[in-house]
Amino acid sequence: MKFKFQHIFLLLSVALVASHEALPLQEDYWRSVLPNSPMPKAVKDLFHPGKSVYVGVTPDAFPIIYHHGADENQLRDNQNVTLFFLEKDLYKGNNMKLHFFMSAYDQGSLLPRRVADSIPFSSEKFLEILNRFSVNPSSKKAKIMKKTLQECEEAGIKGEEKYCATSLESMVDFSTSKLGSKIEAVSFETENETPLQKYKIVKVKKMSGEKVVACHKQKYAYVVFYCHKTESTVAYKVAMLGENGAKVEAVAVCHKDTTAWNPKHLAFQLLKLKPGNIPVCHFLPKDNLVWVPKY
């Protein structure tokens, strides 16, 4: 009984710290390191756990691991939506069939660094982690958490520098260490319903050179970002208008060199391409960030 109460106390402590302390502490840190870069709304939303918006692909299958191939289910489920596209498709007036939809997964809280750093984050400590959060080792949630840890521990592809950030502070530190202090974070924004429909591109703005850091939120007991810096990558802000009148400010990332990707990656199968130098692009989900130099 004592053991059980200890776990309940830990969970309550983490939740209370996240809700009452995280936002002021992490906003202060953000302002101190990035005084000229406002915190995106998508980041602030992470202090209030809820559902996430994904783009055209099931959350379990969002293809951020470039050396992973796609299975038949992923290919079948994404035939009728624009998940990947070519850089030349980013022009005013073009129409794309997109689906920005909600994930039903409990996203957890964004923890302050002092709390996140006190919790183990490695496959070697997996059972200890499950015990801390009272997660059944045979549950679906445990399987998802294990997958996240494994992906964080895998080596990146050639030219990719990766890091899994367990707090906002560590994500900021990784991004500034790779791009310098004059950077900004950009994310998807909309106030409208965004069902599966055609979206017309209204405006396209290139945001960077060919160095960006993209951070993708992972499924875990609390918020974890899979961040990676890749060469020969550019980012765009893309304003779009849906058939239902929905206004969307999306973020597109284009990879100009895919020679190190798995030949069976979902992008190649959908676009009928092979790894090489044809720029492959995709939009980022709502709670993903792209960090770019700020000029």
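Q: What is the handedness of the disulfide of cysteine 215 and cysteine 227?
A: The torsion about the S-S bond of cysteine 215 and cysteine 227 is about 115°. A disulfide is a pair of cysteine sulfur atoms within 2.5 Å, and here the S to S distance is 2.2 Å. Because of its torsion of about 115°, this disulfide is right-handed.

Q: Which pLDDT do local features need in this predicted model?
A: Residues are numbered from 1 along each chain as its sequence is written, and side-chain values use heavy atoms, with hydrogens and water left out. In this predicted model, totals for chains, interfaces and linings use all residues, side-chain atom pairs count only at pLDDT 80 or more, and local features need pLDDT of at least 70.

Q: Which strand holds cysteine 164, the partner of cysteine 152?
A: The sulfur atoms of cysteine 152 and cysteine 164 are joined at 2.0 Å, and the link is left-handed, with -85° about the S-S bond. Helices (H or I, at least four residues) and strands (E, at least two) are DSSP runs, numbered from the N terminus. Cysteine 152 is in helix H6, and 12 residues separate it from cysteine 164, which is in strand E5.

Q: What is the pairing of the bonded cysteines in sequence order?
A: The whole structure has 3 disulfides. One of them joins cysteine 254 to cysteine 281, with sulfur atoms 2.1 Å apart. Numbered along the chain, the bonded cysteines pair as 1-2, 3-4, 5-6.

Q: How many Å separate the end C-alpha atoms of H7?
A: The expected span of a helix is 1.5 Å times one less than its number of residues. For the 12 residues of H7 (residues 168–179) this gives 16 Å, and the distance between the end C-alpha atoms agrees: 16 Å.

Q: Which residue has its backbone oxygen 2.8 Å from a side-chain polar atom of asparagine 94?
A: Asparagine 94 lies in the loop between strands E2 and E3 and, at 13% relative accessibility, counts as buried. Leaving aside residues up to four places away in sequence, asparagine 94 touches (heavy atoms within 4.5 Å) Asp89, Tyr199, Lys200 and Ile201. The backbone oxygen 2.8 Å from its side chain belongs to aspartate 89.

Notes: Buried means under 20% relative accessible area, exposed over 50%, partly exposed in between (1.4 Å probe, protein chains only). A polar contact is a pair of N or O atoms within 3.5 Å; within protein, one must be able to donate a hydrogen and the other to accept it, and residues adjacent in sequence count only if both atoms are side-chain atoms.
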